[in-house]
Amino acid sequence: MAKSRTAAGAKLEADTGLDLLATMWRIRCFEERVAALKRAFKVYGLIHLSIGGEGVAAAVCRQLRDDDGIYSGHRAHGHAIAKGAPLAKMMAELMGREGGVCRGLGGSMHLVDRQHGMMGATGVVGGNLPLAVGDALAARVRGGDQVTAMFFGDGAVQAGTFAESVNLAALWELPLIFVCENNGFAEFTSRAEHSTIEQVSDVVAPYGFERETVDGSDVPAVWEAFRAFLDEARGGRGPMLLECLTYRRRGHYEGDPQQYRDPAAEAEWERRDPVARLQAHAVEQGWLDDDEARSLERRALEEVKDAERVALESSYPDPSLAAELVYATEECRPA
Amino acid sequence: MARELPYIAAINEAIHLEMARDDTVLFYGQDVAPSDDDDFVKAFSRDRVRVSPISETAEIGMAVGLALAGYRPVVELLMAEFMLVAMNQVVNEAPRLHLMSGGRVKVPLVLKAGYGFTAGWAGQHTGSIYNMFCGIPGLKVALPSTAADAKGLMATAIRDDNPVCYLLHYLLVLEHGDVPEGEYLVPFGKAVVRREGGDVTIVATGWTVGRALAAAETLAGEGIAAEVIDPRTLNPLDTATILASVEKTGRVVLVDQGTPHGAFSNVIAAGIADQGFSSLKAPVKQVTALDATVAYSEPMEAYVLPNEEKIAGAVRQVLGSAPVAA
Amino acid sequence: MTEKLDAERLTWMYTQMVRIREFEERVKRTFEEHPGVIRGHTHLADGAEASIVGSIATMRPGDQLMATYRCHGYPIALGTDTKKIMAEIYGRKDGLCGGYGGSMHLADPERGFLGTSGIVGQSIPQATGAGWAAQIRKEGQVVLCFFGDGASKQGAFHESLNLASLWKLPVVYVMENNNYNVSTRSDQEDANAAAGEPLSTKAKAYSMPGVTVDGGDPVAVHETVGEAVDRARSGDGPTLVESKVYRLSAHGNLIAPPGVPLHYPEHEAITTFGNREEYEAALRGDPVPRFRMRLVEEDTLDPGRADQILRDAREEMEAAVKYALDAALPEPEAALNHVYA
């Protein structure tokens, strides 16, 4: 039966904490720049930002190896970056350039970076939950200690694919960690309008696997909870579900008029911003001083600027690629 | 060496051979080997052969995930209609990921399902819905009509680097035919001329190939030489073989077990109109199922299906009609 | 409040169970006695009669139900003419659905039987929609949604139960758990079954009550489903009832192309798993004789009356077979009717 463990008050080592903070700044600066570029019509299409959720991406992905697969939904920039996707290739992808992670054919909602284990993202809510089950089944058939992590939002939990995937992962005891980012909104409506079950971890109550709900803006807590699950999954156990309570500080998509938002919650979550919180913690712990802290942000901004420059230098893909890449051929081997 | 095998055994033989040849081929689905006393389980273990719940979306979605992780799953779906439960995975995930990744991932998997079971199974298990899967870029569609093709197309489907809907015809499962032993591959996109003739071209797929050949035999008695072409895969489609035949005969009858609106025969007809119009001596005629959900009761079920008489009648019509000005 | 079952009502329940059993015996016998008359696929509910009748006995006029392709029993208990049902299974023009639907697609909306799906799990959202309609109408109607254990692994089950709970819809989800998906055992495909838990555990995910009942005991089913119906009727929302039954026949008749004679093979416990003991134990617990014995022992039913019920049912089903055999087949051209309403 479900075991509850609390990770609040968890401790991070200094170098781990600093790595997470740097990763979160890279995601934050990248996404803020993407928002500006979107308004300037330099990145295309539907853009979903994860500002406010960087802590989960960093605390989960920075513990995984390149050969551990992750899947994500439509809000995937942070996961890909934290897993190791180069910023320049990310930016180029969002700009539809040949130098992008998907050569400009996927865009924001379909990021793939196999080299670093970013196996895919989807534009259909819950659409790739079973793909992650397949990835974990592959790990099991292969016989190694690889682990798969599946990122999804609370909106995906009401989709049939969720129940089918959870049953199979539990039945076959697959090394799969479900990571739900419960940000309080399914697109434009609050969770209460979608389900009577407030906590996503309670939706898997019928299945006897481990689950835990943590404050997603408490980075040490996410790190600690995921670490415990990861240790078990490496040992061949699974699945588990980690629910991270976060807040989507921007609209569902860039340009969303957001008439559904509650100002009180806004203020509360601004106070709980994971980047600021971890930074304050880092200073408090003496991992770095105020100047060094500010330089972390500056370095991230520089990196994003460089990424933008490299992306802009990348050419658009040859239009004929659109027809060439419909079918895989013998020559196509996974990167 | 070839020997006689039923169509269904030929399919299993292909899967078995491919699993023996390539460790990454997996086989699972509803009611696949619930008992350990099963040839596949005994040969390849429970890791590679699994019985799954009735969760089509998860079954097909997992196949996509397995494929992305380097495996080649064959998913047993029993009935083509069961894929409709998981349309997102079939249409919007599996065939799109290769292109959207800029060619950096591939999704080799086989969705094995039966169709066209007009044997009193009423409206939800008798459809010939292959046309629904043909308009999807990235998704290949194979429709074997003989035991040999059943084997050869399955082997090719498994080796293909893309998602393939392998649709076997339920009325053919016990039909015997010569099947080559050992490795046997039938290429995709290569039609076969099942019978040669110079007066009219009949294009048919799956079970209707046999009906077309029977009609051709009847017509031969009337002095009409019909050529019967079986495309074997609808995507890719071997348009060249069809056009070459039309150039020779100038007259075409297209047979399709699907319903007329959006039938695959419409696509072939459009291709002929586009690229072979000057060869035509008569309008293109299509013999499809009639526009209705298949009814349970036998007289009604038979009434809506294409058959030998309808095909022969259509041939007589195109031969009797006035030439079309080119 | 759930109705108290008096002798007359209990006798009515026993009568319906016997009628369903005898009807389906004739369906089964038709494959031998009149080869070729039944085409396609039939699925029998023998072993589930107590569950069907116990559930239906809780319904009031105006209540509705939806079911699966294993659907002969429901209309029989609801009072649909067995002649019409048999004629449908024989593909006759005067069948319940004009020969269009056959065994898997019975419907009798006038009696509240809205229909079935031939695809596992797909009538669950449909019944949920009917529940929403009932809620809007505010006439206290309740919808019973019947499905099998296999259907609970369909995404549609999860989506539907979440919505029904969220909107407090007046639906009772009756899962007839016969422990087999065709020839796959539940513990091979269901994480709860594999863990030795009842499948009603799944209700936890939807904050609705989940209860398990012996589906071989019509009185217990009546009580359990009755409580769920009361709850639904009073606006408190849905319930998941797991009714444990044992299917006494194979999943369905042989699947074969036209021309191959059809028949009922032995149960999958024997054909797939070689477990004859399991099947024979289930036969010994057959709910129809079990209920008769109980009613007789309790002096609720006179053995002579029980014999008469059986004789009447046999006579009724003989007449149904005769009617269906004599009935005309539809005109072929009728195939094009009813494509659009």
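Biologist: How much area is buried between chain C and chain B?
Modeller: About 3200 Å² is buried between chain C and chain B, with 64% coming from carbon and sulfur atoms. Buried area is the accessible area (1.4 Å probe) that two parts lose on being put together, summed over both. On the chain C side, C:Arg39, C:Ile119 and C:Pro257 lose the most area to chain B, together 20% of what that side buries. The model is predicted: local features need pLDDT of at least 70 and side-chain atom pairs count only at pLDDT 80 or more, while totals for chains, interfaces and linings use all residues. Residues are numbered from 1 along each chain as its sequence is written, chains are lettered from A and ligands numbered from 1 in the order written, and side-chain values use heavy atoms, without hydrogens or water.

Biologist: How many residues does each chain give to that contact?
Modeller: Contact means heavy atoms within 4.5 Å. Chain C supplies 46 residues and chain B 37 residues.

Biologist: How many salt bridges are counted there?
Modeller: A salt bridge is a side-chain nitrogen of Lys or Arg within 4 Å of a carboxyl oxygen of Asp or Glu. Between chain C and chain B the count is 2. One of them joins B:Glu301 to C:Arg39, with the closest N and O atoms 2.6 Å apart. C:Arg39 is also among the residues of chain C that lose the most area to chain B.

Biologist: What does the other interface, between chain B and chain A, look like in these terms?
Modeller: Chain B and chain A bury about 3500 Å² between them, 61% of it on carbon and sulfur atoms. In chain B, B:Met62, B:Met100 and B:Arg104 lose the most area to chain A, together 18% of what that side buries. The salt-bridge count between these two chains is 0.

Biologist: How many bridges join E2 and E3 of chain B?
Modeller: Strand E2 (residues 25-29) of chain B has 3 bridges to E3(B), and the two run parallel. B:Phe27 stands opposite B:Val49 in E3(B).

Key
Pairing = 2+ DSSP bridges. Helix = DSSP H or I, 4+ residues; strand = E, 2+ residues; numbered from the N terminus.
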